[in-house]
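Student: Please take a close look at one chain of this model for me. I would like its overall build, its sheet and its contact side.

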Amino acid sequence: MNDFPFLSILTLLPLVGAVVVALVPRQKAELAKTIAFGWSLVVLVLSIFMWIAFNVGGDRFQFRESYAWIPSWDARFTFAADGIALVMLMLIAILFPVVILASWHDVEKSNRSAPIYFSLLLAFEFTMIGVFAAADIFLFYVFFEVMLIPMYFIIGSFGGQRRQYAAVKFFLYSLVGGLFMLAAVIGLWVVGGNTFDFGKLAEAATSIDQNTARWLFLGFFVAFAIKAPFFPFHTWLPDAGGAAPAGAAALLVGVMDKVGTFGILRYCLSLFPEASRWFAPAALVLGVIGIIYAALLAVGQNDLKRLVSYTSIAHFGFIGIGIFAFTTQAGTGSVLYMVNHGLATGLLFIVVGMFVARRGSNLISDFGGAGKLVPVLAGVFFFAGLASLALPGTAPFISEFLVLIGTFTVHPAYAVVATTGIILAAAYVLWMVQRTTQGELNPALAEVPEMRKDITLREKFVVAPLILLIILLGFYPKPVTDVINPAVEATMQDVGVQDPGPTAVVANERVAR
Amino acid sequence: MEDLKLPGIDYGALLPMLILFGAACVGILLEVFTPRRLRHVIQLTLAFLAVTASFIAVIAQHDTRKITIGGAVAVDGPTLFLQGAILALGLVSLMLIGERSIERGGPFVSQAAITVGSQKDLKQAGDQSGATEVYPLTIFALGGMLLFVAANDLLTMFIALEVFSLPLYLLCALARRRRLLSQEAALKYFLLGSYASAFFLFGVALMYGFSGGVALAQVHAAVADPQRSQVLLYGGLALIAIGLLFKAALAPFHVWTPDVYQGAPTPVTALMAACTKVAAFGALLRVLYVAFDGVRWDFQPVLGTIAVLTMLVGAILAITQTDMKRLLAYSSVANAGYLLVGVLALNENGLSSTMFYLVAYGFSVLAAFGIVTLVRDADGEATHLARWAGLGRKSPLVAAAFTFILLAFAGIPLTSGFTAKFAVFGAAIEGGQTWLVVFGVITSMLLAFPYLRVVVLLWLSEPNESTPTVSIPGFLTSAALVIGVVATIALGVVPAPLIDLTRDAAQFVR
C-alpha cells in the first residue's frame, strides 16, 4: 500500500477536475457544482486511504516519489510527506468539499459563470495539495507562486465590495514575498551544490557560510511571514478576507495561510538551523505583537469578515511563537493549531458567510438580535466563536494550551504576554456574537425575508463535519498528535535544540518524558 | 610580385546568410516583374521559403565549429543557436507581417512618402494594398542579424549592423494608420541609430589603434598586453558598447524604444522586440566574452550599473504608461536589463541562460504584439489602456492568452518568463553578481504592477461602449499566436530540451 503513488495522484486529481468543470457549459451550473463536489469527495477518500497507509512509527518522509523534470538544474517532481504535511493535506481534503458545498449558491447573485468559480476552487485545491506535497524546493516554489492565480481570480471576479483593490493587494503582497524567496531559492541552489532536492539540501545546509545562511533565511522568512501573515506583513489579509466570497475566505485563512507557517517549519528551520536560532527572538517578538495588536483591531471591527480575518492574524501569532520557542510541545502545539485553526476559523467564516448571504451585508451594525430569527444558525455561530476563542473542550484549546506551556518552559515572559491574547479573544468573539445575535432585534433585520429562513439541510451538512471534528479533536487529539510528533521532533533535531529538562505538564503520553 | 591569396570560404557555413541575402535580392526583382495583384502571395511565399530554408541550413550545420572567410565570420555554438533563434522568431514575425485579413490591404501603406493627411494619403490608408517591399526588407534585416551574431571582427560586425538597421528604419515608416507617428518613429530611430552606428565605428577605429587589427581574437590578445595604451582600450570599449547598448535598448540609450515601438507598424515592432533583441545581445555576448574577456573586472561594474538602471527605468516608467504598445516597450527595456544580468555573469551559464532568455522572451513578446494587432476599432488598433477594459467578457479567449503572456512577463512559474529569469539570475549568482539579482528581484516586483493592472482591466472591469472589438484573426496571425503561447507554456513546463541545447551551444570559438 505504501508504494501507491498517493501524492502525485492526489496533486493531479483536482487539476483534472478543474479542467473538467471548466468545460461544463455555463447554463449547466448544477452539473458543474455536482462534479466539483464529487471530485473533492474523491480527493477526500483518497486522502483518508493515505492517512491509513501512513506508518506512524516509520520514516520521517513517506510516500516519496521522484520524476525527472529539468535535469540540468536537478529540479525534479519530487513528492514526499512528513507528519506535518500529512495532517495539512488531510485538512485540505476535508475543507474543500465543505467549502464547495457551502458556496453552492454564492455565484448566483452575480452575473459570473458558476463552472468557472468551481473550476477555480479545484485549481486552488491542486496548488494547495502540491505545495504541501512537494519535497523539491523548485517544485515548492512553483506551487507557492501559482496558487496566487486561482485565488486572485476568485477574489477579483467573485468577491464583494472593493474586490479589485483587495485582489491586487493580495497578489502584489504575495508576489513580493515570493520574489524575495526566489532570490533565496536561487542562492540556495548555488551554495547548496546545484540541487533542489530537500534531502540533499538539508545535508548540504550545515556547510553554508553563516552570513549567507542568514540572508537566505531572511528571503524565505519574509515570503512565509507575508503568506502567514505575521505582523507587520498582515495588512493584505483583512482586505482579501473581507472581499473574498465566504467560502474562499475560509480557504484563504484555513489552508493557504498555513503555507507560511508550514514553510517556516519545513524550510527555514531545517535548512538554516543557526539562522533560525539567531532570528528566533525577533520572530517571537513579532508573534507576540501580532497576537495583541490583531486582537485589539478585531475588537474594534464592524465588518464581520474583516473581524474574522483579524482573529486569524492573532492566531497566527500563537503559531509563530510556538514554532520559534523550539520545544517539542510548542512545535506540536503549533502544528495542531494549524489544523484546529483551519477547522475553527473555517467554520466561523462559513457561518459568517451564511449570515452575510441572508442579510446582504457584512456589517455587524446591520445585524442585532438575529438569534430570534435564526436560532439554530445563531447557535452554530456561537459554537464557532467559542471554538475560535479556544474554549476547553474544543480542539483549539489543546493546541493553544500546548503552545503556551511549551513556550513558557523556555520564554516565560512571552508566554505570559501571549496569554492575555486569550482574554482579548474572549472579548472580540463574545462581543461579536452579542452584537450580532443577541439583544434587541434590529427592526431593519426583521424586514429582510431571507433572515426568516433558519439553517437549511445543505448548510447542516456543511457545518456538521467541522463541528464534529472540533469536538472530537478537543477531547481526543491523539491520532493527530501521534502523526505530528515525530515530524516535529525531527525538525527540532534539525534546529539542534534540546527540550528543557523535565517538564511538569503532560499533554499526552507521547510528549511525556 | 606575389600572388594575392584568397582566403578560404566555407560556403556551407555561410549558407544560412547566403540564402537570405539571395532571396532578398530575388524579392526586389520580383517587385519589378510580377503583376501587383500577385505580388503579395509570391513575396510572402518566397520569404517563408527563404527563412525556412535558412533555418534548415542552420540545423544542418549544427555541429560546425569554425572560423571562415578570412576570420570575418565565426560559426560556432552561440552563432548557430542565435541564428536559429532569429530565424524561428523571424518566421513568426513574418506571419504577423503577412497578415492581410484583419485590415484591408494589411498593416502597411504602399507609399510612405505621400504627405500625411492629403487626399491621396487618405485614399491609400482607406483600401489600397500595402507595400510588398516589406518582405525583401524583412529578409535583408534578418540576413543582417544572422551576420551580426556571427561576425568575428569588428568591421564585419559594423557592416552587419547597418545591413539589418537600414531596412528596419524603412519598415518603421510604413504604418497604414497614424502616419505621423510612424514617420516620427522612423526618423527618430534613423537619427539616433546613425549616431549609435557612428559611435560604434569610432570605437572600432580606436580599437584598431589599440590592437592593430579589428579581429576579435586580435583584440583579445592585445587586451592581455599591459604595455598598450589603456586610454584607447577603454575609449574603444566604451564607444563600441554604446553602439551595441543602443540596439539592445539599454538605459540610458533606450529613449528611442517607446516612440519607435509605438509608431512602427505593430508587426514590425514585434520583429524588433524579438529578433533585434536576439541579434543585439548576440553581438554583445560575443564582443564581451571573446574580445574583452581580459578586462572583465573593469567593465563588469559599469555594465552592472547600466543593467540596474535599465531595470529600474523600464519598470518604473512601465507603471506610468497608458498606451499598450508603450507599456510593452518599457517592459522590453526592463527585460533587456534582465538579459544584461545574464550576460554579466560572464560564465558558461551566463551565456546559455541569456540565449535561453532571448528565445523565451522573443516568443512571448511576439504573441503579445500579435494580440495588440487584433484589438481594434474603426481607426485601427485601440492601444490606449482604458480601451481594453472589460475585454475578458467580450473575447475571453484572446484576453486569456494575453493574461497568460502578461503572467509570463511577470515571471510567474509554469511560464517561460519564470524559467528564463530563474536561469539568468542563477547564472549571475554563480558569477558573483548577487547585487544584480537583488535589483532584478526588486524591479520584478515593481514590474508586476503594470502587468497586473492590465489583467485587472481585462477581467475585473465591466466592458463599456468604447471597448473595441477583437478582430477574428486570420490564419497567419492565429498561427503566430498559437506558436507564441505554446512556446511560452512549453518553455515554462518542460524547459529541459532547450536548456540542454543552450548548454551544448555555450562555447565561443576564438
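**Chain B up close**

Tutor: Start with how the chain is tied together in this predicted model. Among contacts in chain B between residues at least 6 apart in sequence, 81% join residues at least 24 apart. Buried residues make up 61% of the 510 residues.

Now the build. Chain B holds 20 helices and five strands. Its radius of gyration is 22 Å, close to the 24 Å that the globule rule gives for 510 residues, so chain B is as compact as a globular protein of that length. Along the principal axes, its C-alpha atoms fill a box of roughly 70 × 55 × 40 Å.

Next, the sheet. Three strands of chain B form an open sheet in the order β4-β3-β5, and the pairing is antiparallel. The edges are β4 (380-381) and β5 (469-470) of chain B; each has a single partner strand, so one side of each is left without a neighbour in the sheet. Strand β3 (residues 375-377) of chain B is joined to β4(B) by two bridges. For D377(B), the bridge partner in β4(B) is G380(B).

Last, the side that touches chain A. Here 24 residues of chain B are in contact with 26 residues of chain A. Three helices of chain B, α17 (416-430), α18 (434-460) and α20 (496-505), each supply at least two residues of that side. The most comes from α18(B), with eleven residues. By class, the chain B side has 19 nonpolar, two polar and three charged residues.

Technical notes
Residues numbered from 1 in each chain as written. Chains lettered and ligands numbered in written order. Predicted model: local features only at pLDDT ≥ 70, side-chain atom pairs only at ≥ 80, totals over all residues. Pairing = 2+ DSSP bridges. Helix = DSSP H or I, 4+ residues; strand = E, 2+ residues; numbered from the N terminus. Rg over C-alpha atoms; globule rule 2.2 N^0.38 Å. Buried ≥ 20, exposed ≤ 12 C-beta atoms within 10 Å, placed from the backbone. Contact = placed C-beta atoms within 7 Å. Nonpolar A, V, L, I, M, F, W, Y, C, P; charged D, E, K, R; others polar.
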